[in-house]
Amino acid sequence: MSKDNSFDFRSKFKEWDLLKDSLVQLFKENDDSRKIIMEHGIQLLKDIIKVADGVNLINFTERFEFIQKNSSNYTAYRQLDELFKEAKKKIAVKRIMNDK
């Protein structure tokens with residue numbers, strides 16, 4: 001499944017959950033520091049996708065470019081969250097299929 005079997009997907013997704021909670025609040029408050037946390041989330045997703053061989057997300061390139069260009073925008077945050085959800089599901093399915 002992955003290039004590095006020691007890669008801890010679970011901790012990366014948990015880290016996103018923590019960032020996501022912070023981002024929701026920062027967007028409500030219109031706090032400019034959300035961009036820094038968004039950048040961290042973008043890097044997390046990059047790391048996950050880089051290691052998750054064979055996991056293809058729908059329209060990933062276009063969606064990811066949008067997120068990178070609009071990282072201070074709430075819509076980009078929502079799109080990033082959707083990509084994390086999709087990646088988590090597809091990685092889980094891939095692991096199950098590989099265990100059979």
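Reply: Arginine 63 is buried, its relative accessible area being 16%. Here buried means under 20% relative accessible area, exposed means over 50%, and partly exposed covers the range in between, with a 1.4 Å probe and protein chains only. The model is a predicted one, in which local features need pLDDT of at least 70 and side-chain atom pairs count only at pLDDT 80 or more, whereas totals for chains, interfaces and linings use all residues. Residues are numbered from 1 along each chain as its sequence is written, and side-chain values use heavy atoms, with hydrogens and water left out.

Arginine 63 belongs to helix α3, which covers residues 60-69. Helices are DSSP runs of H or I with at least four residues, strands are runs of E with at least two, and both are numbered from the N terminus. If residues up to four places away in sequence are set aside, arginine 63 touches Ile58, Gln79, Glu82, Leu83 and Glu86; contact requires heavy atoms within 4.5 Å.

One of these contacts is also an ionic pair. The side chain of arginine 63 meets that of glutamate 86 in a salt bridge, at 2.9 Å from N to O. This pair links distant parts of the chain, since glutamate 86 is in helix α4 and arginine 63 in helix α3, 23 residues apart. A salt bridge is defined as a side-chain nitrogen of Lys or Arg within 4 Å of a carboxyl oxygen of Asp or Glu. Side chains of opposite charge can pair when their charged atoms come close. Glutamate 86 counts as buried, because its relative accessibility is 13%.

The whole structure holds 8 salt bridges. Glutamate 82, another contact of arginine 63, forms a salt bridge with arginine 78 at 3.5 Å, N to O. Both partners lie in helix α4, 4 residues apart, or about one turn of the helix. Glutamate 82 is partly exposed, at 31% relative accessibility. Arginine 78 is likewise partly exposed, with a relative accessible area of 31%. The side chain of arginine 78 also meets that of aspartate 81 in a salt bridge of 3.4 Å, N to O. These two residues, again both in helix α4, are 3 residues apart, about one turn of the helix. Aspartate 81 is buried, with a relative accessible area of 3%. Asp17, Lys20, Arg78, Asp81, Glu82 and Lys85 are linked in a network of salt bridges.

Helix α4 also carries phenylalanine 84, which counts as buried because its relative accessibility is 2%. Neighbours within four places in sequence aside, phenylalanine 84 is in contact with Phe13, Trp16, Gly41, Leu44, Leu45 and Ile48. Phenylalanine 84 and lysine 100 are 16 residues apart in sequence, and their C-alpha atoms are 25 Å apart in space.

Gly41, Leu44, Leu45 and Ile48 are also among the buried residues of α2. The cover over the buried residues of α2 includes α1, α3 and α4. Helix α2 has 18 residues and spans 26 Å from its first C-alpha to its last, close to the expected 26 Å; the expected span is 1.5 Å times one less than the number of residues.

The loops on either side of this helix each hold an asparagine with a positive phi. Asparagine 30 is found in the loop between α1 and α2 (34-51); its phi is near 55°, a positive value in a residue other than glycine. Asparagine 30 is exposed, with a relative accessible area of 55%. Asparagine 59 is placed in the loop between α2 and α3, and its phi is near 50°.

Asp17, a member of the salt-bridge network, also lines the largest pocket, together with Phe9, Arg10, Phe13, Lys14, Lys88, Ile91, Ala92 and Arg95. The elements giving two or more residues to this lining are α1 (9-29) and α4 (74-99), and α1 gives the most, with 5 residues. On a 1 Å grid over the protein atoms alone, a pocket is an open set of points where a 1.4 Å probe fits, with protein on both sides within 12 Å along at least five of seven lines, and lining residues have an atom within 4 Å of a point. The largest pocket holds about 150 Å³ of space.

Key. Grid points are joined across faces, edges and corners, and a volume is the space filled by probe spheres set on the points.
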